[in-house]
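Work through the exercises below with the sequence and the model at hand. Each task is followed by a solution in steps.

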Amino acid sequence: MNLQTVPTNIRALQPNFVPNFDQPLQLLVHCHEKIIWQLNNLSIAGELLLSEEKLIEAFFLIDRAAAHLKNAGAKHTEDEENSLFPRLRKRKNSEVVEIFTAIDELEAEHKEAQQIELELNKLITFLPRRVLAAKEKIEKFNEIVARLNKLYLPHIKLENDVVFPFAAKILPESELSEIGFEMKQRRFLV
């Protein structure tokens with residue numbers, strides 16, 4: 001999968017520039033773009049692992065993607081689970097109750113993604129970097145990457161198309177500013 005195959009409505013909140021912490025919902029969408037990019041890189045790396053001449057390139061992509069998911073991806077999950085979702089849950093009207101099911105589903109998917117990423121990182125540790133890995137290990141790598149794609153792509157679509165626009169509609173600017181500030185704090189930028 002490449003970025004061109006991602007539905008354009010996933011980018012609905014993203015402006016033509018990189019958003020900043022004053023635009024936390026747009027920044028979350030931008031983070032999703034980076035996650036999709038890294039998943040794409042993992043898929044490409046899976047193909048490159050089949051060629052001994054391409055191992056350096058494969059591991060360059062693998063290492064960058066794994067590091068991104070482990071660091072930036074983890075902070076992104078914290079942004080949602082510790083800053084955005086609790087504020088949405090505080091709302092107690094009929095409109096918000098419907099979104100609770102989606103939030104519960106998203107949080108469960110975050111846990112599942114963490115498990116799959118741990119499995120991926122463990123496998124990466126044991127992949128040989130100078131010679132071709134056994135065919136079974138490459139197949140396992142590609143299977144794990146496929147599972148991540150299968151989980152993340154609809155997950156991102158639900159957040160971008162439903163949860164974030166809902167949050168933009170219901171959360172006051174003061175709370176959005178607080179979310180942005182908390183995101184900055186998580187990255188030690190304040």
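**Burial and overall form**

The model is a predicted one, in which local features need pLDDT of at least 70 and side-chain atom pairs count only at pLDDT 80 or more, while totals for chains, interfaces and linings use all residues. Residues are numbered from 1 along each chain as its sequence is written, and side-chain values use heavy atoms, with hydrogens and water left out.

**Exercise 1.** State the secondary structure of the chain and check its radius of gyration against a compact globule.

Solution. Helices (H or I, at least four residues) and strands (E, at least two) are DSSP runs, numbered from the N terminus. The chain has 5 helices and 0 strands, in the order α-α-α-α-α along the sequence. Next, the radius of gyration is taken over C-alpha atoms, and the globule rule is 2.2 Å times the number of residues to the power 0.38. For 190 residues a compact globule would have a value near 16 Å, and the 18 Å of the chain agrees with this. The C-alpha trace spans about 55 × 30 × 30 Å along its principal axes. Finally, take contacts (heavy atoms within 4.5 Å): of those between residues at least 6 apart in sequence, 74% join residues at least 24 apart.

**Exercise 2.** Which residues of the largest nonpolar core touch the most other members?

Solution. A nonpolar core is a set of buried Ala, Val, Leu, Ile, Met, Phe, Trp, Tyr and Cys residues joined through side-chain atoms within 4.5 Å. The largest core holds 31 residues, and Leu42, Leu49, Ile62, Leu120 and Phe141 touch the most other members. Helices H1 (24-48), H2, H3 (94-126) and H4 (135-170) each supply at least two residues of this core. H4 gives the largest share, 9 residues. Now take Leu42: beyond its neighbours within four places in sequence, Leu42 is in contact with Ile62, Ala65, Leu69, Leu120, Phe141 and Val145. A second, separate core has 23 residues, including Val96, Ile99, Ile179 and Met183.

**Exercise 3.** Is His110 buried or exposed, and what is His110 in contact with?

Solution. His110 lies in helix H3. Its relative accessibility is 6%, so His110 counts as buried. Leaving aside neighbours within four places in sequence, His110 is in contact with Thr77, Glu80, Glu81, Phe85, His155 and Glu159. His110 and His155 are 45 residues apart in sequence, with C-alpha atoms 9.0 Å apart.

**Exercise 4.** What is the phi of Phe188, and where does Phe188 lie?

Solution. Phe188 lies in the segment after helix H5 (173-186). Phe188 has a positive phi of about 55 degrees although it is not a glycine. Most residues other than glycine have a negative phi. With a relative accessible area of 73%, Phe188 is exposed.

Technical notes. Buried means under 20% relative accessible area, exposed over 50%, partly exposed in between (1.4 Å probe, protein chains only).
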